[in-house]
Each structure stands twice: as structure tokens, then as C-alpha cells.
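Hi everyone, thanks for coming.

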Amino acid sequence: MSRFLKVVGVIGIAIFLLSAVVFAQEEDLLSYCQKAKINWRAYEGTQLTIGLNKHPFTESLRPLIPVFEELTGMKVAYVILPEEEYFEKLLIDLSSGGGIFDVYMTSPMFEWRYQYAGWIEDLNKYWNDPNLTDQEWYDREDFYDKPLRANMWDGTIGGGLGQGRWNAIPVMVEFYCQAYRNDLREKWGLTVAQTYPELLDVLTKAAELGKKERPPVYGVANRGIKSWSTVHSGYFTAFLSYGQRDLTPDLYAAINTPEAIEITKIWIDILKKAGPPGWPNYTWYDAKQSFAAGRFYEITDCDFFAATYENPNQSVVAGKVGYALPPKGPDGTIKSNMWTWSLGMSSLSKHKEAAWLFLQWATAPMTMLDATLKHDNFNPTRKSVWENPAVIEKTMKWGTKPGEYRELVDAMYAQYGDVAWMPNPDVTTVGDIWAEALHEAYEDKKTVEEALNDAAAKINEFMAKWREKKE
């Protein structure tokens, strides 16, 4: 046998074995689901349409969908769009009564609007139906409390989280941290910032030192588009550690207090002295990919980006990144905002019971384990997945010392992270107005005081209708 044929034969055997392993793994998920006391075939022949954001969770779910189709005899079509476009198209579908999507990706900030408009189903109805749900098999208590309760709301403006309706099921959670190039930190003799003034100092130095690298390295990657999402992550985390809130309990803007102005000045200084050219156009996709490409010293954004940074097939900085809590506020407080992507059901769906079966399957313990272990859905929202030995082994290596990343996530769940926006249906509009103020200050169109004062006035005017409703 020629050497070529031997090589071909070896490759063929390897592909066969790999296929067998993949098939066995998918069969395991199928067998696991078939053990539930659920009539998975009850809606055989139905086609569901799922709305998905372009996101690592989406990429973790797609390879598993054939298992659901084999399990149920249903077909699943999906639409994937970049985040800003996704929310726009979803809003058009819901507000026009189009009813294209049976299931869609969502998050508490959007659910507050959808709930008031009657666009999202209360899942309690399906959860409590024994003909549709095997509660023991599903094990809802396995979810971390913070992301689960964040998707429940009783409709109280300014409160009521964790009560009333169950709007959606959390599929991943993110907190906000410092991720930095530890190899460059050691080379340049920098420290990990403990306060925000220190962060400004460290990142300013990193930006100067990075100019000597080839290719050049910028100081910090932060998202910057004129949207609530720019406010939501690293900036809001800093804002919280300074003891601030977006709104007062009686729904007036609180973004222009002396402390708020102080931390915003620091943040704008960081962007000007250490941020990338073109910051106002930076999305979180840009920030994540640019850091993974080695173009930045630090990123003060999502912790789960670590799954990309530590994947050598997607990153040139794998094994070189350190992870740390956000810096402290003036009184030593550390807080982080929280975001959780979730799956909810459209009130316009014509296949609600079938959609509920999809939601149960997509968020079941083993489905989420496969999505996390094989397809990098981080951070998982089920305790059994995060504590799975294979997931521990995979994530234990992330950071400058064993377990650094895991300790960060555990601390966020236990102490530092939570949803910080005050619940109300127009929260993203509040965030959009706020983001515009950050742009005006960054571009020197206004001082920080002027920009925040003007934004506060707009927010107060906009929130008047909710103050009246609250009274």
C-alpha cells in the first residue's frame, strides 16, 4: 500500500471515529430528553421560527437543534441578526402583530417593555401544566437565582423583580471585569488597578508604552456606539461602584449627581487617553475581536469574552490574559452590572405549546451542558453546568493562576453582580439618552456637567408618564 493510501486510510478512520463520537454525544442528549415525562411528539410536523441575536450562545445552540427536531418531529427555522438590527426587527415583528417568531432571544431590559405591551408570554402557565412539563426532570432550582429572578417581574415601575410573571429563561449571564494582557503588564511593569483613578493612570501608561510595540497596542477597548448598550457594561459598573443609580425611587434621573459627574469625567478621560481611534463606532463585537487579535492592553467589559480569548483558534492572546474584579469606588465598594440573554415566547405565536417544548429542551440541564462544554456557551446559568467536572477542567486554566477566572465568576454571582437598571418599560430609551451625553462629552461638544445635566432633563421629561402612573 502506498504511503498516500495509508495516510488516506488513517484520516478516514479518524473521521469515522470522530463522527461516531459526535453521534454518540448527540444520541446521549436525545436519550436523556426521552427520559422526561413529556410527550415530545405531541406537535410533530409543526414548524417553529426562532429569532436569534448574533452571539456565542446562538452558535452554541445551532449545532444542537437537529437533536430537538429528531426528538419531536418538529422543524426549526431561525433568523440570526447583529444585535442592533436584531432588536429593531424583533420590535417591528412584535409591534406590528406580524407574529413571525415563536421564540426569541431577549433580556430583562427588553422584557419590561414587551410585558407592558403584551408581547411576551407568562411562562408560569406552561410550567404549571403537567401535560406539558416534567418539573422534576427539568429541575428549575438548578438555575442561579440572580439570572432566573431577573427574568421575573410583577410590573411594578421601579421594583418588583423576581416576582409575578416569568417572562423568559436565562441561557447565559455576563458580568463586567478587567481583562488585561498579563504578558505586557509584566514587561511594562504595570499593576492591576484597584481604583478608577488608578485605572486611568495604568491605561494611560499602557497606551503610551503600546505605541512602541509592533504592531502598536492601544490602552483599552471599550464599546462606544450611541446606544444604551454602551452605558450598560463597563461604564455602568464604574457608576455603581461610585454608589450611583440611573433613576431615583420616584423616577427622576440620577445621572448628574456630583459623584456621577466625577466618575464620568474619569471614564471620558480613559477613553480619550487610552481608547481606540473611532471609539464612538465601536460595538462589543469590535472590542472583543480586537482584544483577541492582540490590539489592546485591557478591556473593561464582559467576563464571558474569556471563552474567545482563551481559544487559540480564535485568539492570539490565549494563555496571556489576566482577569480581575472591577476597581473599587471611593468607599471601597465594588459592584458590577449584569446582563443575561434569555429565551422567551411571543404572545403572537400560533404554536405556543410547541414553543414551550422547545424552551424546555433548549434550557434543560444536558442541553446547556453540551452547549457550554462543546460549543462555548459561557457563562452558563445552571449550577450543575458551571460545576460540571469537565467545565471546571476547561475553565480552571483561564487566567494568570489556576482558577482565577472561576473565582471571578463565583464572586460576581455571590456578591458583586446584579441587574442595576431600575425596572421600567422605557429603560433602553433612558440608556440611549445617557449614551448620547457620553458622546457629547467625548467629542468636547459639551462639558461632562453640561452633557449629563441636559441628558437628565430629557430623561425627566420622558419619564413623566411613568411617574404619573406610579402615583
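**A covered helix and what surrounds it**

Let's start with helix α15, which is mostly covered: nine of its 11 residues are buried. Buried means under 20% relative accessible area, exposed is over 50%, and partly exposed is in between, with a 1.4 Å probe and protein chains only. Helices are DSSP runs of H or I with at least four residues, strands are runs of E with at least two, and both are numbered from the N terminus.

Before I go on, this is a predicted model: local features need pLDDT of at least 70, side-chain atom pairs count only at pLDDT 80 or more, and totals for chains, interfaces and linings use all residues. Residues are numbered from 1 along each chain as its sequence is written, and side-chain values use heavy atoms, with hydrogens and water left out.

Back to α15. Its buried residues include Trp356, Phe358 and Trp361. Those names come back in the largest nonpolar core, which has 164 residues: Tyr297, Tyr309, Trp356, Phe358 and Trp361 touch the most other members. A nonpolar core here is a set of buried Ala, Val, Leu, Ile, Met, Phe, Trp, Tyr and Cys residues joined through side-chain atoms within 4.5 Å.

So what does tryptophan 361 contact, leaving aside its neighbours within four places in sequence? Among its partners are Cys33, Trp40, Ile65, Val67, Phe68 and Leu71. Contact means heavy atoms within 4.5 Å.

Just after α3, glycine 73 takes a positive phi of about 75 degrees.

Now, the rings. A search of the whole structure finds 46 aromatic pairs. Rings of Phe, Tyr and Trp (its six-membered ring) pair if their centres lie within 6.5 Å; planes under 30 degrees apart count as stacked, over 60 as edge-to-face and the rest as tilted. Take tryptophan 166 and tryptophan 356: their centres are 6.3 Å apart and their planes at 80 degrees, so the pair is edge-to-face. Tryptophan 166 sits in strand β5 and tryptophan 356 in α15, so the pair ties together parts that are 190 residues apart in sequence. Both tryptophans are buried.

What about cysteines? The disulfide count comes to zero, where a disulfide is a pair of cysteine sulfur atoms within 2.5 Å. For cysteine 177, the nearest cysteine sulfur belongs to cysteine 302, and that is 8.6 Å away. Cysteine 177 is buried at 4% relative accessibility, and cysteine 33 is buried at 0%.

Two last stops. Serine 336 is in strand β11 and is buried, with a relative accessible area of 2%. A polar atom of the serine 336 side chain lies 3.0 Å from the backbone nitrogen of tyrosine 176.

Then there's methionine 422, in the loop between β13 and α20. Methionine 422 is buried too, with a relative accessible area of 6%.

Technical notes: A polar contact is a pair of N or O atoms within 3.5 Å; within protein, one must be able to donate a hydrogen and the other to accept it, and residues adjacent in sequence count only if both atoms are side-chain atoms.
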